[in-house]
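Here is a short note for a first look. Please keep the model open while you read.

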Amino acid sequence: LNDAAKQALAGVVQKLQAQPNTRVQLLAYASGTTDQASKARRTSLSRALAVRTYLLAQGVQSTRIDVRALGNTTDEQPVDRVDAIYAKP
């Protein structure tokens, strides 16, 4: 992760530390054509796992993080991204 991504994740870490019952779902996307769906899914999984690894290093418990690699299933911009969605149990 680059420094900009780490700065963006600082808010996620703060929220999870402040709210111990909150979980986060990482929805990862990657660009690619229809015939490259498998490659896009692997790329999105790699992105999500990088974010998960960073959150773990910041002290977030693994049981509070869900990862979903969605590949090229979005038209929203930017296509290459990881969204953090919060949920309470």
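1. Basis. This is a predicted model, where local features need pLDDT of at least 70, side-chain atom pairs count only at pLDDT 80 or more, and totals for chains, interfaces and linings use all residues. Residues are numbered from 1 along each chain as its sequence is written, and side-chain values use heavy atoms, with hydrogens and water left out.

2. Sheet. Three strands form an open, mixed sheet in the order E2-E1-E3. Strands are DSSP runs of E, at least two residues, and helices are runs of H or I, at least four, numbered from the N terminus. Strands pair if DSSP finds at least two bridges between them. E2 (65–69) and E3 (81–87) are the edges; each has a single partner strand, so one side of each lacks a neighbour in the sheet. The twist averages 20° from one strand to the next.

3. Pairing. E1 (residues 23–29) pairs with E2 in the parallel sense, over five bridges. Leu26 has Val67 in E2 as its bridge partner.

4. Helices. The axes of H1 and H2 come within 11 Å and cross at roughly 55°. Axes are lines fitted to C-alpha atoms, for helices over the stretch in contact; angles run from 0 to 180 degrees between N-to-C directions. Lys6, Leu9, Val12 and Val13 in H1 meet Val51, Tyr54 and Leu55 in H2; contact means heavy atoms within 4.5 Å.

5. Arg41. This residue sits in helix H2 (residues 37–57). Arg41 touches Ala69 and Gly71, leaving aside residues up to four places away in sequence. Arg41 and Val13 are 25 Å apart, C-alpha to C-alpha, and 28 residues apart in sequence.
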